[in-house]
Amino acid sequence: MTVIGWIQIFLYCAIVVALVKPLGWYMTRVFNGESTFLSPVLRPVERGLYWIGGVDEKREQHWLTYTVAMLLFHVGGFLVIYGLMRLQALLPFNPQDQSAVAPDLSFNTAISFITNTNWQNYGGESTLSYLVQMLGLTHQNFLSSATGIALAVALIRGFSRSSMRTIGNFWVDVTRCTLYVLLPICVVYTLFLVWQGMPQTLGAYVDATTLEGGKQTIAVGPVASQVAIKMLGTNGGGFFNANAAHPFENPTALSNFVQMLSIFVIGAAMTNVFGRMVGDQRQGWAILGVMGVLFLAGVAITYWAEANGTSTLTALGLSGGNMEGKEIRFGIVASSLFAVVTTAASCGAVNAMHDSFTALGGMIPLINMQLGEIIVGGVGAGLYGMLLFVVLAIFVAGLMVGRTPEYVGKKIEAREVKMAMLAILVLPLMYLGWTAVAVVFPPAVASMANAGPHGFTEVLYAFTSATGNNGSAFGGLTGNTMFYNLTLASSMFVGRFFMIVPAMAIAGSLAAKKSIPPSAGTLPTTGGLFVGLVVGVILIIGGLTFFPALALGPIVEHLAMNANNLF
Amino acid sequence: MLREIRPAIILLLLLTAITGLAYPLAMTAIADVIFPKQAQGSLIEKDGKVIGSALIGQEFKEDKYFHGRLSATSAPDPADSTKTVSAPYNAANSGGSNLGPTSKALADRLKEDVDKLKAENPNASVPVDLVTTSASGLDPDISPEAALFQVPRVANARKMPEERVRQLVTEHTQGRMAGLLGEVRVNVLALNLALDAATAK
């Protein structure tokens, strides 16, 4: 670890924190339906969309209607992607003549993108036409992230409203999020990325004759426009197979830094939106504080582990850290930071190969996802995931003092706690359950690239990443098989929607309750005690759930490495 | 709830058209005007022919060139399309080795490469980036240590004074952005082009 490395990490954190308030202010205006500086241009477009779509923007929805609208929207999104992939050979913008994608891979990819996972069983430059990349993947990057944000806003309304039956209008929330938040940032961001060296072209791949006379086919494409939303919307699905490690998908140290910022910025600002909407910004800062504690702990461990390298490297006298699967322009620190950021949020883009990380360095990304990606988290998804843990923490605190727990003026009662537990328990059911099946099913075992405990970790990571809607991978695992395409798709689906529906039920039930003013017996939820309590609940629930699985994977591998056992 | 079906279909189609077609196509058109070189892939041409991209590493094996990092990229086997064969620096199929820290295959590969490099230059310690594969398999850069390590071999192959080659390495060493972000590095293709130019003189 170096001083300049830590300076980069703290600079990163400082900029994220500095952006929380302005962006939180702007997004609160957007979701409250107020006008913004972009309204003169965008408002007519917005009204046109409602008019053609038959949406009455004044009419709000019950939580169930809101959820059904969201689900219908996703059925359509699924059909669009699946259809485009199956038919890509017949459609335009296909200069490389990519053939139709197989049914199971198309199914997996379509589920992957509507759930904001972007698991890459597809090969990017070797599998997909430009049309699929744009119309299939780029569009769903926008809509799945807009959906996540809309759902979080709906849950916030549950907290901030009093005695109401409705939680907003899904169509209005998604449209406004796309038009006023995501698109304008992406337009500027795309141009920045192209300036840094990212291609943005519809031309065919370029054939080059190298200095030594060899032939090199260089894949290009409309990369920048997709990468902008891929990062900002915490989607993470790469244009290229190597994702953000590919020099075209992340050309410079600056592009890398800004990409990391863009992963966190909306998720972090959502805590401020929460604070503003419930009428006390300190409530938002307290939640961001919980996230910050867990984040910095993860960064420190991964950076330390990667800078130390492996016993194999040390034995050969190679210093400078674990550079296997890392790029020179990022080095140890920017690769470690990126890995923690991308898994703390549910982004899943990678700028280094997580499979080649040290055992402990790779365990932190795994833990980040197993905690439910609540450390900033996916856009929107991170906030509603974190609020589920807050509900539990408040409940535990209430038990300790024997009072009905309250949070930002709402009584937390049996229904909320049950729903929160349901949402939280669904995740380990999927990733532990499917991992258990995979390790005793010979065709699934054959997909492992590494032997020994590392092979087990590859499988555990895959199902964790899919269930958490992250999308990063221990890439050695051959995921493009019938077994993994179907089981991973089911993990992504359950991990997304079985968390959303209980969260929306909570939103509905909270909105219907009366707001009560805080009394002398109310636990203050803005101070260090509250932050510590939530961190504790997260770690205890998380630790009890997945520690045994970690012991079989990264922990035993670390011990084996120190004993010079190779597999 | 039935009345949600119409917006589900129509808004999906309209927003798809906006974000999936209008946005990327407009960005392509604008980028082509403002940053035409980057938008096409930062291609380098020599005598009218494309010889590569400034951002994409390419394979160097000859002694007279600086070598880049190891690349684990592959390509479909021409004999059997269900299998793949090793194809370093395949810029149409990026990827890393994905070998883990306790991999025996990785340990064996490292040992073999370290021994080879020690034989080539016994006077310097082997830089870690010369024996590890990059994440993309297309890393255009190496560390300055890795470049300096290769100076004796390159100078010998080109019958150039080592001092001159070392000077070229120094000239092509790029620092951190604003002294802060990223790592110090040398772009291998740019360095090799400069070498060729210096030899031609």
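**View 1. An open sheet of three strands in chain B has the order E5-E7-E6, with antiparallel pairing.** The structure shown here and in the following views is a predicted model. The edge strands of this sheet are E5 (141-142) and E6 (173-174) of chain B, each of which pairs on one side only. Strand E7 of chain B covers residues 185-187, and two bridges join E6(B) to this antiparallel neighbour. Within E7(B), B:Val186 is the bridge partner of B:Thr173.

**View 2. Helix H6 of chain B lies across strands E5 and E7 of that chain.** The helix comprises residues 188-200 and runs at about 60° to E7(B).

**View 3. Chain B as a whole contains six helices and seven strands.** Read from the N terminus on, its elements follow the order α-α-β-β-β-β-α-β-α-α-β-β-α. The C-alpha trace of chain B spans about 80 × 45 × 40 Å along its principal axes. The radius of gyration of chain B is 23 Å, whereas a compact globule of 201 residues would have a value near 17 Å. Of the 201 residues in chain B, 47% are buried. Among the contacts in chain B with a separation of 6 or more, 50% are between residues 24 or more positions apart.

**View 4. Helices H14 and H18 of chain A pack at an angle of about 0°.** Helix H14 of chain A spans residues 414-438, helix H18 of chain A spans residues 528-562, and their axes are 11 Å apart. Because angles under 35 degrees count as roughly parallel, H14(A) is described as roughly parallel to H18(A). On the side of H14(A), the residues that meet H18(A) are A:Ile424, A:Pro428, A:Leu432 and A:Thr435. Their counterparts in H18(A) are A:Ile541, A:Thr545, A:Phe546 and A:Ala549. By class, this contact of H14(A) with H18(A) has six nonpolar and two polar residues, with no charged residues.

**View 5. The contact between chain A and chain B takes 104 residues from chain A and 88 residues from chain B.** On the side of chain A that touches chain B, 55 residues are nonpolar, 41 are polar and eight are charged.

Key: Residues are numbered from 1 along each chain as its sequence is written. Chains are lettered from A and ligands numbered from 1 in the order in which they are written. This is a predicted model: local features need pLDDT of at least 70, side-chain atom pairs count only at pLDDT 80 or more; totals for chains, interfaces and linings use all residues. Axes are lines fitted to C-alpha atoms, for helices over the stretch in contact, and angles run from 0 to 180 degrees between N-to-C directions. Helices (H or I, at least four residues) and strands (E, at least two) are DSSP runs, numbered from the N terminus. Angles under 35 degrees count as roughly parallel, over 145 as roughly antiparallel, 65 to 115 as roughly perpendicular and the rest as oblique. Two residues are in contact if their C-beta atoms, placed from the backbone, lie within 7 Å. Ala, Val, Leu, Ile, Met, Phe, Trp, Tyr, Cys and Pro count as nonpolar, Asp, Glu, Lys and Arg as charged, and the others, Gly among them, as polar. Two strands pair if DSSP finds at least two bridges between them. The radius of gyration is taken over C-alpha atoms; the globule rule is 2.2 Å times the number of residues to the power 0.38. A residue is buried if 20 or more other C-beta atoms lie within 10 Å of its own, exposed if 12 or fewer, and partly exposed in between; C-beta atoms are placed from the backbone.
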